[in-house]
Each structure stands twice: as structure tokens, then as C-alpha cells.
Amino acid sequence: MLRAYLDFHRATLAMKCEGLSDADLRRRSMPPSTLSLLGLVRHMAEVERTWFRRVINREDIPLVWSDDGDFQVSYDASASTRAEAFGAWQAEVEHSRRIEAAAESLDVTAPQPRWGKDVSLRLVMLHLIHEYARHNGHADFLREGIDGVVGA
């Protein structure tokens with residue numbers, strides 16, 4: 001069930017971006033915010049990478065767009081393209097799926113340094129569902145502001 005809901009939210013983010021040009025995907029919500037659909041895709045690549053690869057799989061790797069761990073860098077998609085952002089995001093989703101499928105159970109735990117405690121794979125999946133749901137709400141408004149499409 002967790003896998004199905006997580007995949008639903010991943011698919012929803014992709015659907016919110018369908019049919020838009022790179023320029024549309026880079027379009028910011030409103031000043032001074034730098035929030036854009038492409039920025040959300042880039043951010044979710046970082047989220048997938050952090051929680052599945054860096055936390056659960058304990059890989060010692062930097063973020064995709066920031067060597068010093070600054071998640072805000074991913075939101076700046078001003079020079080990004082669909083191919084760059086979606087390529088990174090889809091690669092991280094595939095890593096996440098592989099890590100989740102290989103786990104003995106949802107009860108495996110790993111240290112989460114920012115929280116200072118161990119977290120289970122189950123908690124990670126729930127956290128990602130929450131993160132996608134929140135950002136998919138942002139994506140609803142961003143998409144409507146670009147071309148008036150709602151419910152995409």
C-alpha cells in the first residue's frame with residue numbers, strides 16, 4: 001500500500017508537468033518566490049536521493065545540485081531543462097525503488113543525522129508520501145497559473 005501511494009504521488013507530479021515547454025516548467029509562481037514546476041521536480045530528486053540512498057542505504061554521496069547539502073539550491077531551475085531535471089529525478093526514483101525492493105522489511109532502520117535518531121524504511125516511505133502530497137498541491141497552483149489547466 002505504501003509503495004502504491006508513493007508511486008501515485010510520483011506519477012501525479014509527472015502528470016502536472018506534461019505538455020509544458022522548458023520555459024513553462026521554469027516559470028516562477030510569484031515574486032519573490034523562485035518556486036517552479038521544474039524546481040519541484042529537482043527538489044524531489046534531492047528528497048528521494050537523501051532519504052533512500054543517503055539515509056536508508058547509507059551512501060556517502062552529495063546532493064545532486066549542492067555539494068554542501070543546501071536543499072534550496074534545487075529550487076533554482078532558472079538554467080535547468082526538462083531533460084536534466086526529469087533525468088535526475090527518474091534516476092533517483094529508480095534507486096529508491098531498488099533499495100525499497102531489496103530491503104528485508106519495512107522495519108529496517110538507519111540513522112537520520114538531521115533528526116538525531118534512527119528511522120525505519122516505513123517512516124521514510126510515509127515521509128515521502130507526505131512530501132509529494134504537499135508539493136503536488138503546489139504543483140496544482142503552478143500549473144493552473146501557467147495555462148489554466150486544473151486537475152491535470
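## End of helix 1

Gly-19 follows helix 1 and has a positive phi, near 80 degrees. Helices here are DSSP runs of H or I with at least four residues, strands are E runs of at least two, and both are numbered from the N terminus. This is a predicted model, in which local features need pLDDT of at least 70, side-chain atom pairs count only at pLDDT 80 or more, and totals for chains, interfaces and linings use all residues. Residues are numbered from 1 along each chain as its sequence is written, and side-chain values use heavy atoms, without hydrogens or water.

## Faces of helix 1

Helix 1 covers residues 2-17. Its buried residues (under 20% relative accessible area, 1.4 Å probe, protein chains only) are Leu-2, Leu-6, His-9, Arg-10, Thr-12, Leu-13, Lys-16 and Cys-17. Seen down the axis, they fall within an arc of 155 degrees, taken from the directions from the axis to the C-beta atoms, so they line one face of the helix.

The face turned away carries Ala-4 and Phe-8, both exposed, meaning over 50%.

## Packing partners

The buried residues of helix 1 pack against helix 2 (22-26), helix 3 (37-56), helix 4 (82-102) and helix 5 (121-147). Contact means heavy atoms within 4.5 Å.

Ala-133 lies in helix 5. Its C-alpha is 6.5 Å from that of His-9, across 124 residues of sequence. At 35% relative accessibility, Ala-133 counts as partly exposed, the class between the two cut-offs.

## Whole protein

The protein has 5 helices and 2 strands. From the N terminus, the order is α-α-α-α-β-β-α. Buried residues make up 45% of the 152 residues.

Note on methods. The expected span of a helix is 1.5 Å times one less than its number of residues.
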